[in-house]
Amino acid sequence: MNSLNAISPIDGRYAGKTEALSQYFSEQALINYRVKVEIEYFIALCQIPLPQLKDFDASLFPKLRSIYKDFTFEDATKIKSIEKITNHDVKAVEYYIKERMDDMGLTDSKEFIHFGLTSQDINNTAVPLSLKDAIENTYLPNLQDLVVKLSAKSAEWEQIPMLARTHGQPASPTRLGKEIQVFVTRLETQINQLKTIPFSAKFGGATGNFNAHKVAYPSIDWRKFGENFVENTLNLHHSFPTTQIEHYDNMASLFDAMKRINNIIIDFNRDIWSYVSMDYFKQKIKTGEVGSSAMPHKVNPIDFENSEGNLGIANALFEHLSAKLPISRLQRDLTDSTVLRNIGVPFGHTLIALQSSIKGLDKLLLNSSKIESDLEQNWAVVAEAIQTILRREGFDKPYEALKGLTRTNTIINKKSIADFIDTLSVSESVKNELKAITPQNYTGI
């Protein structure tokens, strides 16, 4: 497969932007995480120790761990070949590890690989492990890059006065940097909330009760063992009690949090798109690039459009994941299995979107003259300021007076505002105060 014959653009057109996710969400990655859980579980049994494993040589632990730490494409291929016979992916992992232990001369201990477990004990620890690593190593760093870029732009444009628009109409002026900071604050708030969501894992045997473990070794506190293994060895949160599978409630919360973050970025993309259409921003021109196959003059805000489209796809999938995964018939049905294999897809579209928004920001050129022109052509926006000061002065019906002046189809400019102020029955100092207000300086705090 190459980028030209891939079905999904994640692995095709945009493969360069999403390749970092392969080590977490590919088939090989999933197999590798499964092998890791099986090996670490065996080592944990040795450390109890189970009577049959009390003499196991602890110096062999690093060699066992090398099975997953040095995992290769060839190893994954071998496991897939075993799966063709077993028709069961986790059982294929078990058989592969036992073969490796035979090669190491550890045949007497190999039956404690996957001891007392069901496949979901492996899947429901392997998947949250991969998810945790992807969030921490790829998703959050890319998202933070966008936040840093936005913060820099907010600081750069902090003092740029700009006409605000509510309902698309001219409104009380604001500052461009402040409007960018709104998105920074929103993103930081949601990132902090996302970081509080546990990566939960189920680990408790066929129906979650450690049945097989207890019947074999009734004197061992298996609940405590499972909690210690999941939380201290794997650094995940142990869900208990469970059915055969993880509840997925926290995973659903994570996907909902990511969806909210994506919605904020969509909101940002659309605002910037609008500012570009209003000519508040020009865009850097790259030699050789074409904006339209028919119109040579076009320089389109394609990066923000690309980001918006990819975030929409990601959110549709996150919505399905968060709605579907927490629901399973009785103690277990298999609908979660195929769904979980698609977690990397919305991550891929999100990663593409983050990089596109960053690329778009880097291409923006501030068009100060257009921003200034819009402010100058909309002196009616200072009416709020004038009527508010008149309220302070006890002026009779100030709102109605300003409404009569400004709610017309005639042009309101600096002169008409000044002429109106001169007609007011207020002191000269108040008149001077009112005349000092301009669309450029009426920007609040």
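Helices here are DSSP runs of H or I with at least four residues, strands are E runs of at least two, and both are numbered from the N terminus.

A quick word on the ground rules. This is a predicted model, so local features need pLDDT of at least 70 and side-chain atom pairs count only at pLDDT 80 or more, while totals for chains, interfaces and linings use all residues. Residues are numbered from 1 along each chain as its sequence is written, and side-chain values use heavy atoms, with hydrogens and water left out.

Another cis peptide bond joins phenylalanine 240 and proline 241, with omega at about 0 degrees. Proline 241 belongs to the loop between strand 4 (237–239) and helix 11.

Asparagine 87 has phi of about 55 degrees and sits in the loop between helix 5 (73–86) and helix 6 (89–103). Histidine 114 comes in near 65 degrees, in the loop between helix 6 and helix 7. Buried or exposed, what is histidine 114? At 12% relative accessibility, histidine 114 is buried, whereas asparagine 87 is exposed at 69%. The cut-offs are under 20% relative accessible area for buried and over 50% for exposed, with partly exposed in between (1.4 Å probe, protein chains only).

**A helix pair**

Helix 3 and helix 6 pack with their axes 10 Å apart, at an angle of about 60 degrees. That makes helix 3 oblique to helix 6: under 35 degrees would be roughly parallel, over 145 roughly antiparallel, 65 to 115 roughly perpendicular, and the rest is oblique. Axes are lines fitted to C-alpha atoms over the stretch in contact, and angles run from 0 to 180 degrees between N-to-C directions. The crossing is right-handed, meaning the near helix is turned clockwise from the far one by less than a right angle.

On a 1 Å grid over the protein atoms alone, a cavity is a set of points where a 1.4 Å probe fits but cannot get out; a pocket is an open set with protein on both sides within 12 Å along at least five of seven lines, and lining residues have an atom within 4 Å of a point. Points are joined across faces, edges and corners, and a volume is the space filled by probe spheres set on them.

| Space | Volume | Top contributor to lining |
|---|---|---|
| Largest pocket | about 620 Å³ | helix 7, five residues |
| Second largest pocket | about 330 Å³ | helix 17, four residues |
| Largest cavity | about 60 Å³ | helix 11, three residues |

The largest pocket is lined by 26 residues, and the closest to its centre are Phe25, Ser26, Glu27, Arg341 and Gly344. By class, its lining has 11 nonpolar, 10 polar and five charged residues. (Ala, Val, Leu, Ile, Met, Phe, Trp, Tyr, Cys and Pro count as nonpolar, Asp, Glu, Lys and Arg as charged, and the others, Gly among them, as polar.)

For the second largest pocket, the lining includes Glu384, Tyr399, Lys403 and Arg407. Four nonpolar, three polar and three charged residues make up this lining.

As for the cavity, the count of those with 30 Å³ or more comes to one. Among the residues lining the largest cavity are Pro128, Phe199, Glu246 and Leu254, and that lining divides into seven nonpolar, two polar and one charged.
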